[in-house]
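Welcome! Take a moment to look over the sequence and turn the 3D structure around before reading on.

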Amino acid sequence: SQNLDEVLLAVRVSPDFYGRRGGLGYLRHMMRFKREQLRCGYFSLGEFVVSAVPHAVVCVLPNKVRAFIYKKLLRKKARA
């Protein structure tokens, strides 16, 4: 599967959005979910590692660093 190059929907997020995407509780939940996807054959072990490791690192970063990563590295600006 492939991602689209164009933004289809621009969504505003609340100030606590980035805080909710981190911490040990979120990390445990995310890893449980990804392990279940692996168990069900949704992706291979290699795809699991490529997906889970960066996500886990972002979970344990400080909120300001996580916000920067989400805003500047993971999201493209919507074109009007």
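## Starting at the surface

Let's begin with Leu9, which is found in the segment before helix 1 (17–20). Helices here are DSSP runs of H or I with at least four residues, strands are runs of E with at least two, and both are numbered from the N terminus. Leu9 is exposed, with a relative accessible area of 68%.

Accessible areas come from the Shrake-Rupley method with a 1.4 Å probe, and for residues only the protein chains shown count as cover.

## About the model

This is a predicted model, in which local features need pLDDT of at least 70 and side-chain atom pairs count only at pLDDT 80 or more, while totals for chains, interfaces and linings use all residues. Residues are numbered from 1 along each chain as its sequence is written, and side-chain values use heavy atoms, leaving out hydrogens and water.

## The overall picture

How many helices and strands are there in the protein? There are 4 helices and 0 strands, and reading along the sequence gives the pattern α-α-α-α. The C-alpha trace spans about 40 × 30 × 15 Å along its principal axes.

Of the 80 residues in the protein, 22% are buried. The protein exposes about 6800 Å², with carbon and sulfur atoms supplying 59% of that area. Now consider contacts, meaning heavy atoms within 4.5 Å. Among contacts between residues at least 6 apart in sequence, 60% join residues at least 24 apart.

Helix 2 has 16 residues and reaches 22 Å from its first C-alpha to its last, close to the 22 Å expected at 1.5 Å a residue. That expected span is 1.5 Å times one less than the number of residues. The buried residues of helix 2 are Leu27, Met30, Met31, Lys34 and Gln37. Seen down the axis, these buried residues fall within an arc of 120 degrees, so they line one face of helix 2. The arc is that of the directions from the helix axis to the C-beta atoms. This buried side packs against helix 3, whereas the face turned away from it carries the exposed residues Arg28, Arg32 and Arg39.

Leaving aside residues up to four places away in sequence, Gln37 touches Tyr42 and Phe43. Just after helix 2, Gly41 takes a positive phi of about 85 degrees.

## Helix 4 and its neighbours

In helix 4 (residues 63–74), the residues Arg66, Ala67, Ile69 and Tyr70 are buried. They cover an arc of only 160 degrees around the axis, which puts them on the same side of helix 4. They pack against helix 1 and helix 3 (45–60). On the other side of helix 4, Lys64, Lys72 and Leu73 are exposed.

Ala67 counts as buried at 11% relative accessibility. The C-alpha atoms of Ala67 and Leu45 are separated by 28 Å, and these residues are 22 places apart along the chain.

## Charged pairs

Side chains of opposite charge can pair when their charged atoms come close. The structure holds 2 salt bridges, each being a side-chain nitrogen of Lys or Arg within 4 Å of a carboxyl oxygen of Asp or Glu. Asp16 is partly exposed at 43% relative accessible area, and Arg20 is partly exposed at 41%.

Another salt bridge joins Glu36 to Arg39, with the closest N and O atoms 2.6 Å apart. Both residues lie in helix 2 (residues 24–39), 3 residues apart, which is about one turn of the helix. Glu36 is partly exposed, with a relative accessible area of 37%, whereas Arg39 is exposed, at 61%.

How values were computed:
Buried < 20%, exposed > 50% of the residue type's maximum accessible area, 1.4 Å probe, protein only.
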